[in-house]
Structures are given as structure tokens and as C-alpha cells.
Amino acid sequence: MFALLVFSGCGTTKYLGPEEVFLEENIIDLKTDQQIKKKGNFKNELSTLYKQRPNSSFFFIPREWYYYEAQDTLGRSKFTKGFKRWMLRQFGEEPTLYDPEKTEATERAMEYYLQHKGYFLAKVQSFYEYTDRNNKKISVSYEVTPRQQYLIDTVRFISRDSQIYRTLQSIRHSTVLKRGSPVDSKLYEQETARIVSYLRNQGYAYFGSNFIDNLEADSSNFTVKLTLEVLLPPNDSVHRTYTIGDLYLYPDYNPSAPVISKQDTIAEGVYLISDSENPAIREKTLLNALYLKKGELFKQENYDRTNRQLSNLGIFRFVTLKGEPDPEIPGRINFRIYLSQNKKFEFGSDLEVNTSNIPFAGRRLLGVSGNVSLKHRNLFKGAELFVTNLEGGVDLNLVRGDKKDPLINTVDLRIQSDLYLPKFIDFFGFYALLDKIRILRKPFYTALLDRGATRLSFSYNYLERIDLFTLHTLNTGFGYDFRPSSRHQYIINHLGVDYLSPKTTFYFDTLILQRNENLRRTFDKQLFTSFALRDFNYTFTGATNLFGESHSFITRLELSGLEVYLANAIYNAFSVPAKRDTFDLRIGGDQVKFSQYGRLEFDYRHYRKLPKSQLFVFRAAIGLALPFGYSNSVPYIKQFPTGGPQSVRAWNAREIGPGGYLDSLSQTGGVNPTLFYQTGEFKLDFNVEYRFPIITLFGIKYEGALFVDAGNVWTTYPDSTRRFSQLRWTPTYDEDNQKISDNLFKYIAVGTGFGLRLDFAYFIFRLDVGLKLRNPYPHIDDLGVVTEQFWRSPFQGSWQDLNLNLGLGYPF
């Protein structure tokens, strides 16, 4: 049946009329002897101007076939008609018939585009040829001849307004219209925006791009002498500058309420308009957000900063600044600032179902968790935001081999509270120092002062893995949340103290810790401390370009114990005799170690939109964690796992690695329970995913996904208990000439699979089914002989080898 559908693509021409022809292909033939930078991108940009495009295919079947099939409903049953309509919605496209008028429109669009890039003599011609024997399919070729690109020779700035003229001459050196640059309309737009921005920051409050005219003075030898003129305003001989007048604040503005007449002066030229005897926000908080000051020259940047700061307070739902020329004093603008109150309290709740990601979990554990949250805006009447979350979850063992096994495998409880102050508080003067010695760029530091929010954090986490261990974790921190733009976000914690208190069972000690000395050390009581930099998180989200491509980048840096290590080293250096002792604490009679490590992680993601709401996603992640100072190992909870719903989905979380090591506890059928707990100090993950829509039923969108994942983790030190686990570029051997490690890429795990996503508008439920293609470990027979056999047939094993991953939202 599938073969018939594929070959039926040849039969779509039977639906065509006598004069109708399918457009099968568009081709751009670039004819030029000139050097064009990034010629591939140049052709791609031209391809966005096609006025008609060929139909695409879905699994080798032309999409117009579904369109024609949907028209064939005569004598069909109601079910068949509905099925055909569904196929049309999901897979069909209206046939693209060759239209000479649209071809000519494409020629004109390409010539217009080239002229705006400086190719004033460009010529575009189209040719077509039939590609089948019946003359029912056409390929259109666009012959593009750009010819010589015109370049800028000189630029003049003129104006009949003498003050404007002097200002233009003073800023001409920073023009983007440089000599030798192409005569490109985008460069002209950038130059216009630069001039407008500068003048509006010099008091010209009503100046706009409509006052700038471009006059081509002369063009010869493919160069252009440009003249930019600032025109005079209507009915005036000069452009006027303005100063700031009075500011009227309406802190509880309601457009449907009666006009408020009560007015209080809270600063020079600043008036509060409110009927409330007890204002919801302190006057000082409002004044700190105002960058418009009475008597100062109008500056657009101060206007924008005021608008932004008032909005960032979070307690106002709407912020509106309305400027009005003072009727009594020429050259002055009064501002009315309307502030509509937001809700003071906000309650929230969430429920999540996913595949367990808890350490030392077994196969087929289902995680169910929920949380309730409370937000209090304006806690102390200074626009402080207090957020508290209470989370609870359990892992359920739904596939129990023994009825005596507990249904609840893990209990996880967490409470977290954050207090956000609506301003940047540089307690240690650290950022002021960096600005002073010019390590920070001035615009960055200014944006940090304007938009940075100070955060105080506290959290407690209780995690119990039934019959194995209990973890108590206490976290405190001081840092900043900073978003300089919609595409950049920084989360920085400077001061942080985290306390980890594990308690293990005898069964766990016997089963796990006695098998691995390094793992045993990570289960000591520990303090993670920092007084300068605890962690740094940066996220960049790129805009989608003309081709539907976008990318994002995440980096995370974490440090612990650096200051303690330096203090310890200084103390030991001055001790007589010299020592190598470490500072330790005692809490509740137990020794607590200061953990000293560094952790760095990068995560890159690339997205490419395809026709019919399809999407291609690529992700690459790399991470490295190393101990330093007096620590010999990175704490277990700070090492990297792989596998699971957000990683290599053919394996469970922590089932893979490290390296080529195969843990007997990760295998079913043994005496001991199946446990996954492997981690490493180095991580590599790669993911490729193709997403496509399937159907929409009852308002729920069903989407499918095909994916390939690869990755693993490695240790950075020799580990005699875990063969093949160490990160190496070349093979290494032990004293008996037995190979104990090899090139890291030899131990990459590879999996594939398919997924189903249900989009409920408010959340997305995800089910991914992973299938192993390549094991990360070599084959070892019953005699212990190692053979270099990693790949496995996708049909090997049974359906029980499929790995199910549940979650909410997309994996990346």
C-alpha cells in the first residue's frame, strides 16, 4: 500500500487541466565575475523572495496528492470523507501551478532587493524548461546578474538649522556609512536611527526619522557621494529642545474611577495624585525609579529607563508615560505617569508526572510531584517580591518483581523562599570596582544598575531513598537576577553556604559504598561555601532569522571552597612547622568537610523551522567538574549524570557509564536489585530531534518526534573499581598489560526512538520511547574476554528493552 502511495505521485498530473503545469523546482543561477562574500547566504536571501514555491513531500508522497484525494468525495462514506479532510489538514497543500505573472513578480522583487543592496544595475531574467515527457512539470531558473556593487565615496551632513548642523559635524566620525561600504538601505536605516537616537538624547523630544532626507549628490565609477539633510520642522525655522517640567504620578490609577483631585508634593516637581491615606508603595521607591528630573534636558534614554524601572517593580500591571508641552512655559514638557496596580497576592500550583531522575533509582520508576506557590508583591511597601514554594514528590515502583517491594520508592520534599529587592545592591563594591578598572563595559554596568534585582534565597530539601539513604540539604544564598534584554539573562550568586547531611543504611553501605571508595567519600557531611562567586548562569536566546533558524546558548559555572582553601593555605604556610591540615567543622558532634571543586557546563541548541509546523532541533552539551585544594573528589550530587528524559533517552538516568564501565547493578536478573547511580566528572551529550504535527482532536494537538541521542560521562581519575571509566584520548594498560581505558569516543552510547507529545495549550505532556543502537561498553564474555563489539541491531532483544520516558514540556 505504501509503495502504491509513493508511486502515485507520478499520477498527480492526471488532475491537471490542459493549460495547467506543476511548478517542480526553483533555481537561482548567479552570473557574476565580482567577488561576493558568503555567496551561499546571498543566494539563500534571494530564495526568500520566491512568489511561488514547489509543493513539498511527506514521506516521499507529494503533498498535492492529499489535496486532490480530499476532493474525491462523491459516493464516499461519512467516515471516508472525514478521513480525507483530516489528511488534507495534516499533510496536504494546495497544488502549486506555474504562474508566469508570479514569476515576473519574483524577478521584480529580486531586482528591487539587489538595488537596495547597492547593485543598481542588477538584472534578473527567468527561464523555464519542462522536466517530464508530458510537459506537465516545469523547472524555473532565475538568472541573476548583480553587476558591480556601488560603494560609498563620501558622506555629507547638512541642515539649515545651524545648531543641528554643528551637532551633525560633531558626530559624523561615528557614522556607519563608512567610505568603501556598500550603498545598502539597511546601513542607511542604521545611520538614521543613530542620528535620531543622539538628537533625542540632546533634548530634541519630538525629532524623528521623517526629518532626515537622503540626497544622492553624485555617482561615478561605481561610487556614490551621499548627502544626508536634516529638514526643518513645519512652521518653524529651527528644531526646539525641551526640558523636563512637573511629574504627576497616579500610583493607583483606574481609568473607570472618578477623577482624583488630591495632590501631594513628594519631591521638587514631583506630585502624587491619590485618594488613599495609606499609599500601597513607599514614596522613596517611586522616586528611585524616576530618571526624569525637573529642569534637566529631555533625554530619550531617561524616559525609557523610567518606563522600564517602573515596569520592573512588578507591582504595576500597566505603566503609561504621557508627555504634554507646558502651556505656560515654552520648551518644557510635563509628564503624567499612570500606574495601574497589580494583584498583591498570587497563588499557584502544579502537578508533574515524569520518569524518575532520582539517583539510585531502578527501572520503571514513575515520578509524581506537585507544588504550591505563593507570591507576595510589595512585601515591605518597597516593591519587594517574596516567593515561596512547597514541593513534594514520590517515585512509584509500578513494576514490582516481588510484592514485598515497597510501592513508594523515593520521597522528595522541598521548601524554597526567595526575596527579590527591586534594585541592585552592590554590598561589597565588587561591580563598582570592575567598572572603575574598566573590566566591565560601561553599557553593561549601567544596565546592571538599572535592571538588576537583588535576591536572598533559602531552601531545605529532604530526600529519602527507601532502604538506602536519606539526604538533608540546606541552602542559603545572596545574588542577582539580571536581564539586560529579552535575549540575555544572568543569574549570579556570590554569597552561598550549602550544607549536605547524608545518612546511609547498612544495606546501602554494603551494596554500594564498599564497592567504590571515591563514591563513599562523597557521602560524607559537607559544606559548599563561597564568599565571592558561588555560581554564574548565562542564557542567550537568539532571534529567528529569515530561514526559520534560531539558537540558544546556556553556560553554568559553579565554585565551592575557594576562599576556605586560600585561608587554609595561608594558615598552613605560616605555621611552624609547616602543615597541610584542613579546616573542618563539627555539627552535632559530626565532622563536616569543606568541599572544594569547580564545575563548568555548556549547552548549545539550534532550531530550524520546516514547512507545515515541523521543526528540526540539534543540541550539544559538555560539562567538566574538578576537585581542587584539599578535596580528592567532586561531591556525588555535583557530578554529571546522563541518560533519561532530557539526555540519551534509550537508557535510564544514571544507567550509562562512566565510560565503558558496565555496572552489574544496572543489569536485571541478578540477586541484587536493579540500581542506576553512575555519574562522572566529564559529560558529553548530543541530540537530534525532528518534530512534526499529527492531528488535533478536541482542542488537543498531537505531535510526533523522531530522535537520535548520543553521549556518556567519564571519570577524570583512574578508578580501579570501574574499568574503562577514565577520560582518555589514547589507550592505557595496567601492570598486567590489560587495557583499562581507551579513546573517549569509543565509549559513546547511541540511541534512537520516537515520541508523542500532547499539547494542552497550558502544558505539554511528553512520552518518548528510546531504543539502544550502540552500547557504551565493549562485550565481555563469561570468561572475561573483552571484544570490541559495541553496535547492536535495533531488532535485538524484546519490547521490554524499550525505554519509556515521561515528562512535561519539550526535552530541550
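Arg654 is buried in this predicted model, with a relative accessible area of 12%. The residue lies in the loop between S27 and S28. Its phi is positive, at about 70 degrees, although Arg654 is not a glycine. The loop between strand S27 (614–627) and strand S28 (682–697) also holds Pro658. The peptide bond from Gly657 to Pro658 is cis, with omega near 0 degrees. Most residues other than glycine have a negative phi, and most peptide bonds are trans.

A positive phi also occurs at Phe222, a residue other than glycine, with a value near 60 degrees. Phe222 sits in the loop between strand S7 (212–220) and strand S8 (223–230). Its relative accessible area is 34%. Phe222 is therefore partly exposed, whereas Arg654 is buried.

Confidence was examined along the chain. The mean pLDDT of the protein is 86. A score of at least 70 is reached by 92% of the residues. Helix H6 (residues 162–171) has the highest confidence, at 96. The lowest falls in helix H1 (residues 2–7), with a mean of 46. Over residues 1–10, pLDDT stays under 50. For this stretch the model has 9 contacts beyond four places in sequence. Where pLDDT is low, the predicted coordinates should not be read in detail.

Salt bridges were then counted, and the total comes to 34. One of them joins the side chains of Asp246 and Lys294, at 2.9 Å from N to O. Asp246 belongs to strand S9 (residues 243–250). Lys294 belongs to the loop between helix H8 (283–288) and helix H9 (300–312). The pair therefore ties together parts that are 48 residues apart in sequence. The two partners can be set side by side in terms of accessibility. Asp246 is buried, at a relative accessible area of 10%. Lys294 is partly exposed, at 36%.

A salt bridge also links Glu558 and Arg534, whose closest N and O atoms are 3.4 Å apart. Glu558 is in strand S23 (residues 549–560), and Arg534 is in the loop between strand S21 (526–530) and strand S22 (535–541), so the contact ties together parts that are 24 residues apart in sequence. Both Glu558 and Arg534 are buried.

Arg766 and Asp768 form a further salt bridge through their side chains, with an N to O distance of 3.3 Å. Both of these residues are buried. Arg766 and Asp768 also belong to one network, joined by salt bridges that share partners.

Two helical residues were considered next. Thr106 is part of helix H5 (residues 100–116). Its relative accessibility is 1%, so Thr106 counts as buried. A polar atom of the Thr106 side chain lies 2.9 Å from the backbone oxygen of Lys102. Beyond its neighbours within four places in sequence, Thr106 is in contact with Leu49, Tyr50, Lys51 and Tyr142.

Arg451 is located in helix H11 (residues 442–451). Its relative accessibility is 24%, and Arg451 therefore counts as partly exposed. Leaving aside neighbours within four places in sequence, Arg451 is in contact with Arg308, Gln309 and Asn312 among others. Its contacts also include Asp481, Phe482, Arg483, Pro484 and Ser485. Arg451 and Leu23 are 428 residues apart in sequence. In space, their C-alpha atoms are 53 Å apart.

On the surface, a nonpolar patch is formed by Phe59, Phe60, Leu706 and Phe754. Together these residues have about 460 Å² of accessible area. Phe754 lies in strand S32 (residues 749–759). With a relative accessible area of 48%, Phe754 is partly exposed.

Notes:
Residues numbered from 1 in each chain as written. Predicted model: local features only at pLDDT ≥ 70, side-chain atom pairs only at ≥ 80, totals over all residues. Heavy atoms only, no water. Patch = residues over 30% accessible without salt bridge, like charges linked within 9 Å, V, L, I, M, F, W, Y side chains within 5 Å. Areas by Shrake-Rupley, 256 points an atom, 1.4 Å probe, with all protein chains shown as cover. Salt bridge = Lys/Arg side-chain N within 4 Å of Asp/Glu carboxyl O. Helix = DSSP H or I, 4+ residues; strand = E, 2+ residues; numbered from the N terminus. Buried < 20%, exposed > 50% of the residue type's maximum accessible area, 1.4 Å probe, protein only. Polar contact = N/O pair within 3.5 Å; in protein donor to acceptor, adjacent residues only side chain to side chain. Contact = heavy atoms within 4.5 Å. pLDDT = per-residue confidence, 0-100.
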